[in-house]
Amino acid sequence: MQFTSTVLLLLSVTSGLMAFPSTHPNSAYVELHREKTSNGSLIYLGPPEKSHIVREEVPRLEERELCQKAQSIACDTKHTARNQLCDELVTELFADPTILIGQSPRQVCYLGNGGDGNSYCCVSWNKKVPNLTKGDLNTAVNSIMQQCTASGISGKMDNVVLQEVCATVCLSDRGKGCA
């Protein structure tokens, strides 16, 4: 009887753990799904599926135009991702530019083979963006990569128009902290 109770308890705990997605070690979000690539994986992270979704209004044309005119890139020396991993992330984004990311994910991370514990390069954005595609992120990610490569890649680009939403896009070894 004791053995049966222990086994049932273990099975219920294990089943309960599988019912909830796990959080990513470098993010406040949960893993929504994962794609295998030739050299690693693309990991899509976002708020849990049953979290409260707030509808954001689409900005007017004037706001979008002002957003683009005020673009700026800031590089950082914290949370730097390895250049090779970010190259792989860019390759994956450029390879399938029309693939829909959707509104729920708020970051896409490339997981490569990093023996030094630094095995992620993540692109994240600070606002919900309906109908976002991989290609929508290309310009900002490429600009950050070209400007912020001193000792690894870490930077953010403000005032990026993503599907009519004025947002901030970040590129680093983690998906949190993009504000």
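A salt bridge is a side-chain nitrogen of Lys or Arg within 4 Å of a carboxyl oxygen of Asp or Glu. Side chains of opposite charge can pair when their charged atoms come close. The model shown is predicted: local features need pLDDT of at least 70, side-chain atom pairs count only at pLDDT 80 or more, and totals for chains, interfaces and linings use all residues. Residues are numbered from 1 along each chain as its sequence is written, and side-chain values use heavy atoms, with hydrogens and water left out.

**View 1. Glu31 and Arg34 form a salt bridge.**
The structure holds three salt bridges. In this one, the closest N and O atoms of Glu31 and Arg34 are 2.8 Å apart. How accessible is Glu31? Its relative accessible area is 23%, so Glu31 is partly exposed. (Buried means under 20% relative accessible area, exposed over 50%, partly exposed in between, with a 1.4 Å probe and protein chains only.) Arg34 is partly exposed too, at 42%.

**View 2. Lys134 sits in a loop and is buried.**
The loop runs between strand 5 (120–125) and helix 4 (138–147). (Helices, H or I of at least four residues, and strands, E of at least two, are DSSP runs numbered from the N terminus.) Lys134 counts as buried because its relative accessibility is 1%. Which residues does Lys134 touch? Leaving out residues up to four places away in sequence, they are Glu35, Leu42, Tyr44, Glu92, Leu93, Asp96, Pro97, Ile99 and Ile101. (Contact means heavy atoms within 4.5 Å.)

**View 3. Lys134 pairs with Glu35.**
The closest N and O atoms of this salt bridge are 3.4 Å apart. Lys134 lies in the loop between strand 5 and helix 4, and Glu35 in strand 1 (residues 30–36), so the pair ties together parts that are 99 residues apart in sequence. The two side chains also make a polar contact at 3.4 Å. (A polar contact is a pair of N or O atoms within 3.5 Å; within protein, one must be able to donate a hydrogen and the other to accept it, and residues adjacent in sequence count only if both atoms are side-chain atoms.) Glu35 is partly exposed, at 25%.

**View 4. Lys134 also pairs with Asp96.**
Here the salt bridge spans 4.0 Å, N to O. Asp96 lies in the loop between helix 3 (83–95) and strand 4 (107–111), so its pairing with Lys134 ties together parts that are 38 residues apart in sequence. Asp96 is partly exposed, at 33%. Shared partners join Glu35, Asp96 and Lys134 into one salt-bridge network.
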